[in-house]
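Reader: I am new to this structure and would like to go through it in short questions. Please show it before we start.
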Amino acid sequence: MTDKFDKVPADPDPSADAVSKTGGDIPPEAMKAIPVRHYGRWISAVVVLALLALLINAFATAKKIQWNAVGEYVFDSTVLAGAGRTLLISVLAMIMGVVLGVILAVMRMSKNPVTSSVAWFYIWIFRGTPVYVQLLIWFNLALVFETLNLGPIYKDEMVQVMTPFMAALLGLGLNEAAYMAEICRAGLMAVDEGQTEAAHALGMSHGKTLRRIVIPQAMRVIVPPTGNEFINMLKTSSLVYVVTYNELLRATSTIGSTSYAVMEMLFVACIWYLVMTSVFSVFQYYLERRYARGSLRQLPPTPWQKVKANMLGMGRERGAGA
Amino acid sequence: MTAMVKAEGVHKSFGAVQVLKGIDLEVQTGEVFCLIGPSGSGKSTFLRCINHLEKINAGRLYVDGELVGYRQKGDKLYELKDSEVALQRRDIGMVFQRFNLFPHMTALENVMEAPVQVKGTNKAQAKERARELLDRVGLADKAGNYPSQLSGGQQQRVAIARALAMDPKLMLFDEPTSALDPELVGDVLDVMRDLAESGMTMVVVTHEMGFAREVGDSLVFMDGGVVVESGDPREVLTNPQHERTQAFLSKVL
Ligand SMILES: Nc1ncnc2c1ncn2[C@@H]1O[C@H](COP(=O)(O)OP(=O)(O)O)[C@@H](O)[C@H]1O
Ligand SMILES: [Mg+2]
């Protein structure tokens, strides 16, 4: 039985050149079995399509949705500015999260019990409470601390400091740091101990070993979940609505409530969220590919390389040979 | 001749488990010193003590006359700072059983890494030297390959080149051929033989008795954390005096 299966060429077109491909003397006979009919799949596909059609129809023909308003406001300058702020706060909060997260991860793995407990405590607090609540706490900090006093360096009224922007940044960034810390720690721990030993045996310092040897390898583990974190951040940033930072959701909602197009403006917001998350997903693909260097014998071609290869009629080899 | 490595009553324990129970030995400059013994006898641990990857609990360990990992002032012993330990390690090359090449760097970059990062050699010079070394281990044409694109034997030869790039005065080998397919062992041993002929001082933990007999200048048989028997490899291997040595050799030969 197994014999027969082995002889079936993995070629989609078995009639073509079967002899030379398998190298046998007798051309293997292509299987002439009647395939199993998957009636269940057909039925479920029809059901799903029908439901989808109903749903689309419901929205498309709903008299109360003014679809032209959606088109009208997509490129509205207020909306664009809001989308810009969403991107800005997400990027800044993410940078803050990554930098703090790396520091926390290293602290958490430190042999010093004080350092590692502090990191543990931070992560416990910030992961254990809702980010929505954290945002509100930062925003309302002036209720309990009237001034921010950093000794001789800085002193100001808290309400001056804790602008909507600052509250949004601290709320999102500090929360993200706790998640990034765990991601980074997992990445650092995934690197084989032999790597550190080899580097130390060559006379490299702890810092150099971390920077040159461990972190680049940890990146392969860290980058994919970090990309997902950023995509989540783009969406979670809509929560800063509550601290009155004028990002995409707030910008669209304001228009929505004044122009009586609430639903339409929410659709506009969705369009921009989708655009941002989709564009970043493509970017992430290339980033992950870059950090896969050395872990795969041959990097898979990028979609763009595939297109180019097809146009030139030949693939460009990468990584092989000197 | 001066001793390149001198161990006096070296003890090492992990928690309550005593792994090295007083090792005394001397490795002369320029010799190939083979270390054999059953699994778990403490061979790797002793090798790792020589470049201070493990801290010893008692005894003294000298490399080229210098105390490893400590400084003695009067009758007081001071631990060396990390940077000082790193300085000592520069002169001691180590080759691991599982190669431990840096997977995110090409063969050439692996060999260049330490000279550039540790010694501050300029890149062009380090590259030229790395090419020479890869050529010496027979891998000139694999310079651009990542470790995942090399066979085990090729990876181990790159690892040897990587260690040599620091111009060490002592090379430590921890079962360099144990993780290799049998047909790849020969290439690695050839490189080690060349290295021995060039006068390098080598401490080699190995199960390759043929190599020990042909290339080795001295041989030590370890068991249970102590040196059981030592002497000329040809003597010890053909005419072992101790019962434990005899029992071990009858199993591996
Ligand atoms: N880091 C460690 N922690 C605890 N025990 C260890 C450690 N390293 C080695 N050992 C123990 O020390 C003993 C000797 O190990 P090793 O030096 O690797 O022996 P060999 O190389 O001769 O096979 C073994 O019993 C091993 O389990
Ligand atoms: Mg061992």
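Reader: How far is an oxygen atom of ligand 1 from an N or O atom in the side chain of B:Lys43?
Author: This is a predicted model, in which local features need pLDDT of at least 70, side-chain atom pairs count only at pLDDT 80 or more, and totals for chains, interfaces and linings use all residues. Residues are numbered from 1 along each chain as its sequence is written, chains are lettered from A and ligands numbered from 1 in the order in which they are written, and side-chain values use heavy atoms, with hydrogens and water left out. A polar contact is a pair of N or O atoms within 3.5 Å; within protein, one must be able to donate a hydrogen and the other to accept it, and residues adjacent in sequence count only if both atoms are side-chain atoms. For the B:Lys43 side chain and ligand 1, the distance is 2.9 Å.

Reader: Which helix gives the most to the shell around ligand 1?
Author: The residues around ligand 1 (a heavy atom within 4 Å) include B:Phe14, B:Val19, B:Pro38 and B:Thr45. Helices (H or I, at least four residues) and strands (E, at least two) are DSSP runs, numbered from the N terminus. With three residues in the shell, the helix is α1 (residues 43-50) of chain B.

Reader: Which strands of chain B does α1(B) touch?
Author: Two strands pair if DSSP finds at least two bridges between them. Four strands of chain B form an open antiparallel sheet in the order β2-β1-β4-β5, with β2 and β5 (66-67) at the edges, each pairing on one side only. Helix α1(B) packs on this sheet at about 60 degrees to β2(B); axes are lines fitted to C-alpha atoms, for helices over the stretch in contact (heavy atoms within 4.5 Å), and angles run from 0 to 180 degrees between N-to-C directions. The strands touched are β1, β2 and β4.

Reader: Which residue in the turn between β1(B) and β2(B) has a positive phi?
Author: Strands β1 (residues 3-14) and β2 (residues 17-28) of chain B pair antiparallel over nine bridges, and B:Val5 stands opposite B:Val27. The two strands form a hairpin with two residues between them. The residue with a phi of about 60 degrees is B:Gly15.

Reader: Why is one side of β8 and β12 of chain B left without a neighbour in the sheet?
Author: Six strands of chain B form an open sheet of mixed pairing in the order β8-β9-β10-β3-β11-β12. Strands β8 (92-95) and β12 (226-231) stand at its edges, so one side of each is left without a neighbour, as each has a single partner strand.

Reader: What percentage of residues 266-287 of chain A is helix?
Author: UniProt (unreviewed entry) places "transmembrane region" at several spans of chain A, including 119-139 and 266-287; such annotations may be inferred rather than shown by experiment, feature names are shortened, and positions follow the numbering used here. Residues 119-139 are 90% helix. The span 266-287 has its end C-alpha atoms 31 Å apart, and its helix content is 100%.
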